Amino acid sequence: MSPGSAGYVSAWKDDEVLALGEVADKFVAAELTGKRDRWEAQRYVDRDVWRRAGEIGLLCCSIPEEYGGGGGTFAHDLIVFESQARAGDTAWGNGVHSGIVAHYILAYGTEEQRRRWLPRLASGELIAAVAMTEPGAGSDLKNIRTRAARDGSDYVIDGVKTFISNGHTADLIVVVAKTDAEAGAKGISLLVVEAEDCPGFVRGRILDKVGQHGADTSELFFEGVRVPAGNLLGGAEGQGFAQLMTQLAQERLVIAASAVAGLEAAVAVTLDYVKQRQAFGQSLFDFQNTKFTLAECATTAHVGRVFLDSCIQRHLDGGLDATTAAMAKWWLTEQQVTVVDRCLQLHGGYGYMREFLIARMYEDARVQKIYGGSNEIMKDLVARSLR
Ligand SMILES: Cc1cc2nc3c(=O)[nH]c(=O)nc-3n(C[C@H](O)[C@H](O)[C@H](O)COP(=O)(O)OP(=O)(O)OC[C@H]3O[C@@H](n4cnc5c(N)ncnc54)[C@H](O)[C@@H]3O)c2cc1C
């Protein structure tokens with residue numbers, strides 16, 4: 001709940017969703033925040049964490065039961081993502097795994113592809129990633145250079161990807177590649193690379209980032225990687241760009257939801273801090289500047305929550321459009337970064353120490369404005385709807 005918004009409960013959080021949230025909270029505390037230093041030191045989360053999450057039903061919550069998923073709605077996924085974001089964990093790449101890749105496979109996979117991969121994603125046996133970005137092309141996705149050339153019953157993939165979340169640990173990687181270099185967006189296809197025993201597939205560095213230190217954001221190299229033609233997602237070439245665009249509203253909602261949970265948590269931890277810290281014979285909370293700052297931040301959190309909830313409800317009802325999703329992504333991540341910065345200021349020097357959660361929230365939040373489609377690209381999308 002947003003601090004200061006007593007009585008407001010998100011309508012999508014019914015009893016079943018809230019019960020799953022309690023399971024997620026315990027898991028996050030035990031497996032993620034409780035082991036945070038370890039994940040940050042090695043820069044990835046152990047495979048056991050994924051398997052444990054799968055065992056207790058926290059992966060692929062909205063994938064139908066017939067494919068091994070939880071059989072819930074996207075609300076069930078969101079409560080798990082929120083639980084993680086509220087605790088300030090960014091190491092575990094479940095948003096990409098359950099919120100994005102599993103849905104590519106559900107939406108576009110052939111029946112054979114769904115049955116082959118979804119149950120193992122839901123159990124945590126496989127970890128998923130999506131590889132769009134390249135050293136020379138991020139926002140300008142149509143300009144990617146990775147190629148997938150048909151050769152008999154295979155595709156041969158050549159290219160380099162960078163900034164890939166779950167890149168060091170992923171077993172199943174949806175690779176965005178050009179199957180027809182001359183056809184622009186219509187020449188883009190999604191190919192699923194199974195990383196185990198995959199000649200020509202090489203993982204590069206786990207990248208050294210400003211924040212999100214426990215997350216294995218990596219470079220990936222594909223040098224003559226052969227995948228069977230049956231690994232072309234959807235079974236027909238040239239559909240990749242449209243497939244990516246169709247899923248983007250949901251992906252942006254995942255980021256927006258983590259932004260709101262993150263900024264609510266920042267306000268909550270800061271309230272606790274300023275009430276116990278003393279200066280000039282009173283608590284920090286008693287200074288008018290502190291009260292006004294937190295009143296403004298709490299208001300932002302509540303406005304953000306209500307906007308987010310309306311987006312979630314529209315998505316659950318099947319009606320969230322790309323423009324509103326883009327608004328949610330840019331505006332809510334912008335608010336997150338601003339609020340976290342203001343909350344850090346109220347912690348004084350302790351706010352700059354990584355042993356305080358607010359410091360980690362600060363370094364982890366910044367990238368929210370960059371990935372998932374940069375906020376400038378989001379505004380461009382919104383502006384197009386105003387023509
Ligand atoms: C931690 C992290 C995790 C990531 N995870 C993944 C992942 O799992 N998979 C994946 O494929 N990618 C991932 N990315 C990549 C991310 O999506 C890209 O970094 C992002 O899309 C921006 O692309 P770029 O870095 O190439 O920047 P550029 O496209 O070079 O943009 C640089 C700047 O120019 C601006 N700009 C670009 N085009 C325009 C325009 N038309 N109008 C106005 N401004 C513009 C941008 O907004 C930005 O401010 C991740 C990145 C990070 C940092």
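1. Let's start with the lining of the largest cavity, which by class holds 2 nonpolar, 3 polar and 5 charged residues. Please keep in mind as you read that this is a predicted model.

2. Which residues are they? Arg36, Trp39 and Glu40 belong to the lining, together with Gly88, Asp89, Thr90 and Ala91, and also Gly214, Arg360 and Asp364.

3. At least two lining residues come from each of α2 (36-42) and α10 (357-365). Which element gives the largest share of the lining? That is α2, with 3 residues.

4. Now for the volume: the largest cavity comes to about 60 Å³. How many cavities of 30 Å³ or more does the count give? The answer is 1.

5. Let's move on to a pair of helices. Helix α7 spans residues 240-276 and helix α9 spans residues 322-346; the two pack with their axes 8 Å apart, at an angle of about 20°. Angles under 35 degrees count as roughly parallel, and α7 and α9 are therefore roughly parallel to each other.

6. The crossing in which α7 passes α9 is left-handed. As for the residues of this contact between α7 and α9, 17 are nonpolar, 6 are polar and 2 are charged.

Conventions: Residues numbered from 1 in each chain as written. Predicted model: local features only at pLDDT ≥ 70, side-chain atom pairs only at ≥ 80, totals over all residues. Heavy atoms only, no water. Axes fitted to C-alpha atoms, helices over the stretch in contact; angles between N-to-C directions. Helix = DSSP H or I, 4+ residues; strand = E, 2+ residues; numbered from the N terminus. Parallel < 35°, antiparallel > 145°, perpendicular 65-115°, else oblique. Left-handed = near helix turned anticlockwise from the far one by under 90°. Nonpolar A, V, L, I, M, F, W, Y, C, P; charged D, E, K, R; others polar. 1 Å grid on protein atoms, 1.4 Å probe; cavity = no way out; pocket = protein on both sides within 12 Å on 5 of 7 lines; lining within 4 Å. Points joined across faces, edges and corners; volume = space filled by probe spheres on them.
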